[in-house]
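Keep the picture open as you read.

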Amino acid sequence: MSHRVNDYSGEMDTDISRVASSRRHSDNLPYVHKVGVPPKPNLLKEITESVKETFFHDDPLRHFKDQSKTKKLRLGIQAVFPILDWGRSYNLSKFKGDLISGLTIASLCIPQDIGYAKLANLDPQYGLYSSFVPPLVYAFMGSSRDIAIGPVAVVSLLLGSMLQAEFDPVKQKLEYQRLAFTATFFAGITQFILGFFRLGFLIDFLSHAAIVGFMAGAAITISLQQLKGLLGIKKFTKETGIVSVMRSVFAAAHHGWNWQTIVIGVSFLAFLLVAKFIGKKNKKYFWVPAIAPMISIILSTLFVFIFHAEKHGVQIVRHIDRGINPPSLKQIYFSGENLTKGFKIGAISGLIALTEAAAIGRTFAALKDYQLDGNKEMVALGTMNIVGSMTSCYVATGSFSRSAVNYMAGCHTAVSNIIMSCVVLLTLELITPLFKYTPNAILASIIISAVIGLIDIDAMKLLYKIDKFDFVACMGAFLGVIFESVEIGLLIAVAISFAKILLQVTRPRIAVLGKVPRTTVYRNIQQYPEATRVPGILIVRVDSAIYFSNSNYMRDRILRWLTDEDEMLKETNQQKIQYLIVEMSPVTDIDTSGIHSLEDLFKSLQKRDVQLVLANPGPLVNDKLHASGFPDMIGEDKIFLTVADAVMTFAPKMEP
């Protein structure tokens with residue numbers, strides 16, 4: 001509760017009382033700063049600066065200033081291929097770190113790639129293809145030193161669920177694969193365009209809260225999907241919702257489960273989780289969870305081969321095509337209705353892949369204290385997916401689990417991606433036949449252990465503590481994914497993110513201010529209960545730009561506050577409100593609707609014998625107010641530099 005003071009001699013305002021007394025007995029008025037009238041703006045300059053701040057805030061061409069044509073050409077090539085810049089200072093010491101990192105993430109990515117390809121309803125080799133070509137392209141064009149490129153669980157699930165809604169991955173296998181390559185092509189095009197035209201800020205519209213919920217929901221959905229392989233179920237639902245999946249699991253309980261498969265899957269899942277716990281508990285043992293998947297594949301494959309477990313109902317991989325990526329340019333749909341389908345699926349998958357890569361890149365760049373150019377990253381990711389779509393790859397992006405291992409293993413540059421690609425190449429050429437007896441259960445275990453880290457309980461708790469609306473956004477995306485589908489969860493995440501923006505824009509915070517004791521500072525009376533209000537003056541602060549979307553709310557909210565104040569003052573026989581001071585420091589901009597609302601507010605106040613006073617409008621707002629003639633309407637003497645100046649000026653003039 002704020003204090004209300006009825007006379008000038010009270011505790012509230014000795015400063016104001018002193019000024020009032022001096023004004024009654026002297027003509028020596030205190031100096032009050034006036035708000036300067038801004039110079040007339042140059043329209044072209046204003047538009048240019050606005051465009052620059054929106055698209056070129058980082059001044060990407062600053063390195064080209066005052067350089068020779070030859071130097072500009074070299075800098076331009078280095079901007080497209082950063083490897084030509086940092087490659088000049090590359091040495092053996094850095095290569096040792098990159099070699100260890102590359103070999104470590106290769107041991108992690110190979111088993112993951114085979115599993116993620118199945119998640120996307122593609123043959124296992126396509127996962128390996130996607131960890132061969134895209135990382136090579138990224139190594140030359142990417143600016144992150146730590147991102148490890150390849151297929152990821154969430155994008156694989158999203159792509160698989162959206163593709164199978166169009167074609168059956170078994171009965172229409174060729175069409176399904178062609179649509180996958182088409183979607184990958186347009187995912188790359190989407191990412192490239194966003195980066196080239198510097199539109200990366202668009203992905204920021206998907207809030208952190210929505211991403212946390214979406215990722216957690218996707219992790220649970222992916223884990224539930226793996227019950228098919230973990231339990232050895234042959235007939236399984238194609239839907240991803242938890243109800244359909246659990247119904248399918250329990251329907252197969254009597255005759256569809258295979259106990260040998262369950263033993264293999266659960267045993268190695270426990271092994272993988274223990275390895276992950278060891279690596280998390282002691283950072284020195286980061287390599288334990290990194291090599292655990294490969295060890296699991298080797299041991300389980302030997303187990304199946306020696307005991308011929310495939311004859312007892314244990315499902316195995318059976319065949320992985322040998323050799324490097326075959327060309328797939330001719331398989332991409334460039335016309336017909338499948339072009340539209342591929343574009344839609346690709347755009348959505350590309351944006352999700354971009355969001356994940358951006359989050360990973362920023363995280364590790366902050367840890368190593370270097371700058372990451374988001375737009376260059378998008379161009380690099382887009383280019384690698386475009387090239388990937390032409391070489392039998394599906395959507396690849398930065399993997400958090402692999403990037404974390406890459407970072408912990410001591411990588412220095414993107415050469416670790418090149419090392420990983422070389423190992424994948426050797427695997428495709430020499431080792432793929434050895435995966436014939438790899439049980440599907442072990443792939444399911446690897447995927448489950450990998451995606452568990454996407455469920456961030458601590459982040460959810462923090463969201464609940466800090467912002468309940470963020471928590472609702474998180475839960476909306478989470479529940480949408482697990483109960484309906486990945487697409488619906490994504491749609492809910494985007495919808496709630498936009499709803500939050502609209503709510504904040506249309507319903508800005510408006511605070512009543514009071515004077516903090518023994519200062520000339522005026523602050524929100526809810527934050528500072530000891531702050532005292534000035535008798536006869538209502539001071540409010542609008543904590544937002546004033547646009548067409550919130551201008552009417554701003555006017556109505558202030559008038560309602562004024563009405564409530566007058567009614568309360570009548571009941572207590574206190575001095576009525578004679579001045580309304582609007583503190584405009586937080587108002588960064590105002591449009592014509594906002595100015596019209598201020599004019600309407602002024603007219604409404606005139607009818608109540610209340611004068612409107614503005615305090616500290618910013619340069620842009622002040623310029624627009626003067627352009628509209630609003631200061632002439634209320635009077636130039638009603639615009640002040642600070643609230644304190646306004647109070648000092650008008651408090652002594654009020655009628656008792």
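We can start with K173, which is partly exposed, with a relative accessible area of 38%. Keep in mind that this is a predicted model. The side chain of K173 meets that of D123 in a salt bridge, 2.9 Å from N to O. D123 is partly exposed too, at 24% relative accessible area. Side chains of opposite charge can pair when their charged atoms come close.

What does this pair tie together? K173 belongs to helix α9, while D123 sits in the loop between α5 (92-119) and α6 (124-129), so the bridge joins parts that are 50 residues apart in sequence.

Across the whole structure, a search finds 13 salt bridges. The table shows some of them.

| Pair | N to O distance |
|---|---|
| K173 and D123 | 2.9 Å |
| E166 and K341 | 3.4 Å |
| D637 and K638 | 3.8 Å |

E166 counts as partly exposed, at 26% relative accessibility, and K341 is partly exposed at 21%. In the last pair, D637 is partly exposed at 41%, whereas K638 counts as buried at 11%. Salt bridges can also form a network, as with D467, D470 and K500.

Now for the nonpolar side. The largest nonpolar core has 99 residues, and F214, I222, I352 and V424 touch the most other members. Helix α9 (residues 173-196) supplies the largest share of this core, nine residues. A second, separate core has 34 residues, including V587, L598, F602 and I634.

Note on methods. Residues are numbered from 1 along each chain as its sequence is written. This is a predicted model: local features need pLDDT of at least 70, side-chain atom pairs count only at pLDDT 80 or more; totals for chains, interfaces and linings use all residues. Side-chain values use heavy atoms; hydrogens and water are left out. A nonpolar core is a set of buried Ala, Val, Leu, Ile, Met, Phe, Trp, Tyr and Cys residues joined through side-chain atoms within 4.5 Å. Buried means under 20% relative accessible area, exposed over 50%, partly exposed in between (1.4 Å probe, protein chains only). Helices (H or I, at least four residues) and strands (E, at least two) are DSSP runs, numbered from the N terminus. A salt bridge is a side-chain nitrogen of Lys or Arg within 4 Å of a carboxyl oxygen of Asp or Glu.
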